[in-house]
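Please keep the sequence and the structure in view while reading.

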Amino acid sequence: MSAKIRIKKRLTSSQIIILGYAATILIGGLLLMLPFSTKSGESMPFLDALFTSTSAVCVTGLVVRDTATFFSGFGHAVILLLIQIGGVGVMTLAVTFVVATGRKLRLSGQTSMLESVSAESGKDAWRCAKFILSVAFITEGAGTVALLPVFCGRFGAWKGIWYSFFHAVSAYCNAGFDLMGAETGQFSSMTSFVGSPMLNITFCLLILCGGLGFSVWEDVARNKWHIKRYGIQSKTVLAFTAALVLVPSLYFYFAEFSSEAWKETLTGGERVWASLFQSITPRTAGFNTVDYSEMSEAGLAVTILLMLTGGSSGSTAGGMKITTLAVLLLSAVSVFRKRKEVRCFGRRIEDETVKSAAAIAFLYVLLFFLSGVVISATEGLPVIDCLFESASAIATVGLTTGITASLGVFSHIILMLLMYFGRVGGLTLLTAMLFGRRTEDGRLPVGIIAVG
């Protein structure tokens, strides 16, 4: 045939999402490679720049170079911009840009944006984007004001204002990037503020606000204090979030930080704040007020579970999501009580939701475990430290026992892939890879398999 046949193929919403994040990461990496992005004026190696950009866009916080001491002011601004883009969502900003420039928003763009923030289909994408940006900017602004006394009092007015703004955005977006390296030592995070009530309270509130999810905030804004009117999503998120703050806090206070190893490090008041902070930051902020390399293996194991759980769907947090854990636990309860359906707050959970929750949990646990074992075997490091690192990456947390910068190229590539997987979402990535095909098989004869 002499005529050329062109096949025009439209991208699915899942493919648009993963390509949008990939493009942002690549552009961010190229910007960080510029000589004036570093304090030394030398170009950053491509892999290190790409790792940093991936960590920022995926709001993780794992770093191979100390953010404060290695990057220039321009580099800090680029990292903060990437954090903000990753926090509110690439598609949210894309929709905002299209509307701001007076262009017509296509249906595919609306669908992609709603899917990227786990919003209900059929909603107005522009209205949803405005709400997301409003909540983000208002919360970050309030966090900045609250942190001013902390940072201005220690570092002076101008540096204090910049530090307050940078850390408020990083905390709300659950990113974990900090600028403390030049003040309290490289990779020190917020360890010098372990006993500061204002910083601990502000950071914890910012992390929780970012991790609740935009749909929950929309429900709260609409129904105020009338909790009975909240949807099942909001009730589940709020109930399980409260439990996952209280129970780990008690564990850290009475078990981990009451040991002899910490008595010389933490005073009575610092022990309280450290327990609260370390129960909240793994889901999934990445800041730390204690040195995780000094934590017991039991404490690291509890932190790994918290990291894998993460925050809420459609939030700035990562992880397999708190609603996934909730559905799995409620499914187990229904089996124990011999019920035919999974129930939650007087409603029935569809079987499709239970299947999705099981698939997501399986993917996260499998990839986290295999990656940790491979890194341990490759680097010759203790497996608990490597599992901690892989959990931190796939859950987009950013906590580390201090091994990130010393890992080899192969391990860094694994961590980048885990961060990317964790940010775009496992099902979104798999759907895109399978081109969104949906298989409709006929019903087969029942087969009996004994389990348990």
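Helices (H or I, at least four residues) and strands (E, at least two) are DSSP runs, numbered from the N terminus. The model is a predicted one, in which local features need pLDDT of at least 70 and side-chain atom pairs count only at pLDDT 80 or more, while totals for chains, interfaces and linings use all residues. Residues are numbered from 1 along each chain as its sequence is written, and side-chain values use heavy atoms, with hydrogens and water left out.

**Overall make-up**

The protein contains 20 helices and two strands. Of its 452 residues, 51% count as buried, where buried means under 20% relative accessible area, exposed means over 50%, and partly exposed lies in between (1.4 Å probe, protein chains only). When contacts (heavy atoms within 4.5 Å) are taken between residues at least 6 apart in sequence, 69% of them join residues at least 24 apart.

Helix α18 covers residues 383-394, twelve in number, and reaches 16 Å from its first C-alpha to its last, close to the 16 Å expected at 1.5 Å a residue; the expected span is 1.5 Å times one less than the number of residues. Eleven of the twelve residues of α18 are buried, among them D385, F388, E389 and I394. The cover over these buried residues includes α15 (297-309), α17 (351-379) and α19 (409-424). Just after α18, T396 takes a positive phi of about 50 degrees.

A nonpolar patch on the surface is formed by F362, L366, F369, L370, V373 and V383, which together have about 530 Å² of accessible area. Patches are made of residues with over 30% relative accessible area and no salt bridge, with like charges joined within 9 Å and nonpolar side chains (Val, Leu, Ile, Met, Phe, Trp, Tyr) within 5 Å. Helix α17 gives the most to this patch, with five residues. V373 is found in α17 and is partly exposed, with a relative accessible area of 33%.

**Salt bridges**

A salt bridge is a side-chain nitrogen of Lys or Arg within 4 Å of a carboxyl oxygen of Asp or Glu, and a search of the whole structure finds five of them.

| Pair | N to O distance |
|---|---|
| E183 and K159 | 3.2 Å |
| D219 and R222 | 3.3 Å |
| K263 and E260 | 3.3 Å |

D219 and R222 both lie in helix α11 (residues 214-223), three residues apart, about one turn of the helix. An α-helix has 3.6 residues a turn, so residues three or four places apart point the same way. In this pair D219 is buried, with a relative accessible area of 5%, whereas R222 counts as exposed at 54%. K263 and E260 both lie in helix α13 (residues 260-263), again three residues apart, and both are exposed.

**T202 in helix α10**

T202 lies in helix α10 (residues 197-212) and is buried, with a relative accessible area of 7%. A polar atom of the T202 side chain lies 2.7 Å from the backbone oxygen of M198. Leaving aside neighbours within four places in sequence, T202 is in contact with G143, A146 and L147.

**Backbone features in loops**

Most residues other than glycine have a negative phi, and most peptide bonds are trans. K224, in the loop between α11 and α12 (232-256), has a positive phi near 55 degrees. K321, in the loop between α15 and α16 (322-336), has a positive phi near 90 degrees and is buried, with a relative accessible area of 16%. The peptide bond from R283 to T284 is cis, with omega near -10 degrees, and T284 has its place in the loop between α14 (268-280) and α15.

Definitions and conventions: Accessible areas come from the Shrake-Rupley method with a 1.4 Å probe; for residues, only the protein chains shown count as cover. A polar contact is a pair of N or O atoms within 3.5 Å; within protein, one must be able to donate a hydrogen and the other to accept it, and residues adjacent in sequence count only if both atoms are side-chain atoms.
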